Amino acid sequence: MRLVIRNIRVSFSRVPLLGWLFSALIAVALERLVGSPLALALGLQKIPVLFGFAIMLKNPMLIPSAILYLLLVYVLPTGVTARLCISLTNRLAARLFRFPMVVTVAIHLAFLYATLHMWAGISDYRVLVLKLTLIAIMVTLSLNVVNGYMGEFSCSHPGFMALGAYGASVFTVGLFVDERFFGAAFLPPALGPFLFPVALILGGFVASLGALAVAIPSFRTRGDYLAIISLAFMFIIKSLLENLEFVRGPRGLSGQPDWANLPTVFLWTVLCVWSVNNFVRSTIGKALNAVRDNEMAADAMTVDTRRTKIVAFLFAAFWAGVAGGLFAHVLRYINPATFGIQKLAEVLAMVYFGGLNSVYGSIVGAVSISLLEEALRPLEIFKWIIIPLLLILVMIFRPTGLVAFKELNVTNLLQPKQNPGEEV
Amino acid sequence: MPFLRIHKMSHDFGGLRAVQNYDLEIGFGQVRGLIGPNGAGKTTIFNLITGIYKPTEGEILLDGRKINGLQPHQIASMGVSRTFQNLLLWRHMTVLEHVKMAHYSKIRYGLFGAFFGTTKRHREEAEVEEKAYKLLEMMGIRHLSDQVVLNLPYGAQRRVEMARALATEPRILLLDEPTAGMNPEELVQIMEIIRRAHEELGLAILLIEHRMKVVMELCEIIQTLDFGEVIAEGTPEEIQNNPRVIDAYLGKERAI
């Protein structure tokens with residue numbers, strides 16, 4: 001038995017990333033084609049929206065059919081295709097590898113996007129969950145830069161998101177929407193999607209500006225100052241927004257144009273992951289680790305520690321702001337209460353669950369916590385017992401998180417796992 | 001011609017005078033020793049030179065330019081590098097990353113390059129990496145370059161620290177007890193490395209050390225410190241026979 005498992009593991013270890021993406025695409029295409037009839041045949045009313053969690057929790061009698069559905073639609077097709085196409089996908093991956101890196105990466109991302117798009121195409125709910133998960137990845141990653149790579153403890157990310165969300169929303173609502181407070185639209189809506197990136201970047205810069213206000217007083221020394229100042233900052237931003245009449249205070253700002261579609265959110269997430277990964281792998285970014293592990297030694301080795309910390313903090317705030325802008329345009333309604341302590345707990349949970357000092361960790365953390373939150377929705381209040389419990393377990397058994405301290409090396413990730421000549 | 005000159009430097013910790021009227025002149029390629037009992041103020045002098053503490057009185061001149069009051073990283077980029085008594089390494093980073101990090105102040109690709117991975121950045125990082133490998137080769141730890149320092153034996157960690165200090169391309173190297181806790185074999189190797197750093201790179205070296213064998217062998221001139229004051233300065237022979245030094249530090253029974 002053990003031997004069989006080992007053999008399976010060995011043969012799957014030869015599947016390149018391209019192979020997995022391709023197989024996942026096949027699986028979701030299959031769901032598109034035969035998902036509905038299969039679900040009916042298994043006694044489910046419709047395709048389980050989120051891996052059948054909701055169905056299982058609402059009606060335990062349906063657990064076997066939901067699991068069978070998952071096996072038949074996702075696990076089996078993915079596994080079989082991945083295994084069967086090993087030599088084909090390896091050959092393809094090897095050929096792709098000879099192109100410039102940009103092309104290779106773009107093709108992999110296209111596969112990934114196609115898979116996500118097709119999976120989400122089943123229902124609007126899936127689209128929404130997917131968008132929010134992608135945004136969660138951005139926020140988690142940007143917080144990881146501060147709490148993981150730099151080893152400080154910042155609590156201001158909901159504040160940065162709020163600044164980004166309101167900054168971008170004021171820009172788009174003010175310019176493109178006929179609206180009571182800001183007056184008629186200045187610009188034709190046709191220009192909108194082109195200026196949307198400008199709105200997001202503006203939101204990001206507003207957040208960075210806020211971050212500067214936190215950074216200047218708190219980076220003079222190390223210690224708990226940042227945690228306290230940033231927590232205060234978050235509350236200040238929240239009450240500021242509640243009292244600003246031109247963003248309609250606690251009633252919230254609505255009517256954002258519907259520009260944050262799935263490709264846009266996906267693209268910004270990719271951009272965020274790419275630039276953060278670039279940053280943390282450069283010597284300038286590695287200086288963050290040096291400052292975290294020993295600031296005195298970093299200083300003695302010519303590292304300008306104060307500048308390093310401030311730059312990283314502003315950079316993180318920028319991406320939190322962009323994520324906030326996207327968030328506002330996905331929900332098309334924001335109010336100050338959204339960006340409170342609950343949001344902070346969520347983001348912190350994602351960072352510490354997934355793993356400090358690692359891009360993989362942020363992705364794993366953001367995806368698993370977001371999905372868990374959605375999946376456990378039927379349990380209502382018990383959701384907030386189960387998720388923290390999980391977090392405590394992770395902290396006990398893996399104090400730095402699930403995949404901490406792992407570098408994302410794109411070249412290693414994409415390379416073929418087998419020599420092209422060698423047959424299976 | 002001395003390029004590092006310290007003139008009447010004093011430092012107080014609250015009411016305690018830790019360093020009193022300390023003078024030093026050190027020229028290119030000179031090796032100086034600093035000895036004295038524990039708590040005499042040796043490490044404090046290093047911390048004052050490298051900018052971790054600001055001297056209460058006196059001045060420190062590098063190439064005739066006053067450097068007290070500058071930030072530690074500024075002083076370090078002007079060519080003053082050091083190792084620490086109790087090994088301050090970055091525990092989650094690899095050996096190669098340590099040495100690359102010491103090139104921080106020479107990186108020219110800027111934040112744009114860091115965020116967007118420009119070709120300039122890749123070229124510069126590759127150059128730095130090549131230099132780092134060369135240095136690791138010289139220190140005999142190239143085969144460890146991918147290891148996280150936490151997993152290395154003590155002697156290897158000492159070498160990493162030394163490699164890192166040399167990677168800043170200093171003109172003067174301040175070594176704070178480089179042989180502490182080493183076995184005799186490692187001791188010979190580290191002395192060889194110090195000698196090579198001095199001869200091949202032409203560095204000036206200021207050495208704090210408790211093992212008299214090392215100090216006597218490496219240093220041209222030795223200062224002895226007691227209660228923050230220099231009580232004797234001279235060649236190894238003069239120091240060994242100086243009654244005040246024997247009294248305060250070496251002990252009457254057995255000089256050396």
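## Overall form of chain A

In this predicted model, chain A is built with 18 helices and two strands. Its C-alpha trace spans about 60 × 55 × 45 Å along the principal axes. The radius of gyration of chain A is 23 Å, which agrees with the value near 22 Å that a compact globule of 424 residues would have.

Of the 424 residues of chain A, 42% count as buried. Among the contacts in chain A with a separation of 6 or more, 78% are accounted for by residues 24 or more positions apart.

## Domains of chain A

The domain assignment divides chain A into domain 1, covering 2–100, and domain 2, covering 124–412, and the C-alpha centres of these two domains of chain A lie 31 Å apart. Where they touch, domain 1 of chain A contributes six residues and domain 2 of chain A contributes eight residues. On the side of domain 1 of chain A that touches domain 2 of chain A, five residues are nonpolar and one is charged, while no polar residues are found there.

## The sheet of chain B

In chain B, six strands form an open sheet with mixed pairing, and their order is β6-β7-β8-β3-β9-β10. At the edges stand β6 (80–82) and β10 (229–234) of chain B, each of which pairs on one side only. Direction ignored, neighbouring strands of this sheet are turned against each other by 20 degrees on average.

Within the sheet, strand β3 (residues 31–35) and strand β8 (residues 204–208) of chain B run parallel and are joined by four bridges; B:R32 has B:L206 in β8(B) as its bridge partner. Helix α1 (residues 42–49) of chain B lies across β3, β6, β7 (172–176), β8 and β9 (221–226) of chain B, and runs at about 145 degrees to β7(B). Helix α10 (residues 243–250) of chain B also packs on the sheet, where it touches β3, β9 and β10 of chain B and makes an angle of about 125 degrees with the direction of β10(B).

## Contact between the chains

The contact between the chains takes 31 residues from chain B and 24 residues from chain A. On the side of chain B that touches chain A, at least two residues are supplied by each of the helices α2 (72–77), α3 (95–101), α4 (110–116) and α5 (119–139) of chain B. By class, this side of chain B has 16 nonpolar, eight polar and seven charged residues.

Key: Residues are numbered from 1 along each chain as its sequence is written. Chains are lettered from A and ligands numbered from 1 in the order in which they are written. This is a predicted model: local features need pLDDT of at least 70, side-chain atom pairs count only at pLDDT 80 or more; totals for chains, interfaces and linings use all residues. Two residues are in contact if their C-beta atoms, placed from the backbone, lie within 7 Å. Ala, Val, Leu, Ile, Met, Phe, Trp, Tyr, Cys and Pro count as nonpolar, Asp, Glu, Lys and Arg as charged, and the others, Gly among them, as polar. Two strands pair if DSSP finds at least two bridges between them. Axes are lines fitted to C-alpha atoms, for helices over the stretch in contact, and angles run from 0 to 180 degrees between N-to-C directions. The radius of gyration is taken over C-alpha atoms; the globule rule is 2.2 Å times the number of residues to the power 0.38. A residue is buried if 20 or more other C-beta atoms lie within 10 Å of its own, exposed if 12 or fewer, and partly exposed in between; C-beta atoms are placed from the backbone. Domain bounds come from an automatic or database domain assignment.
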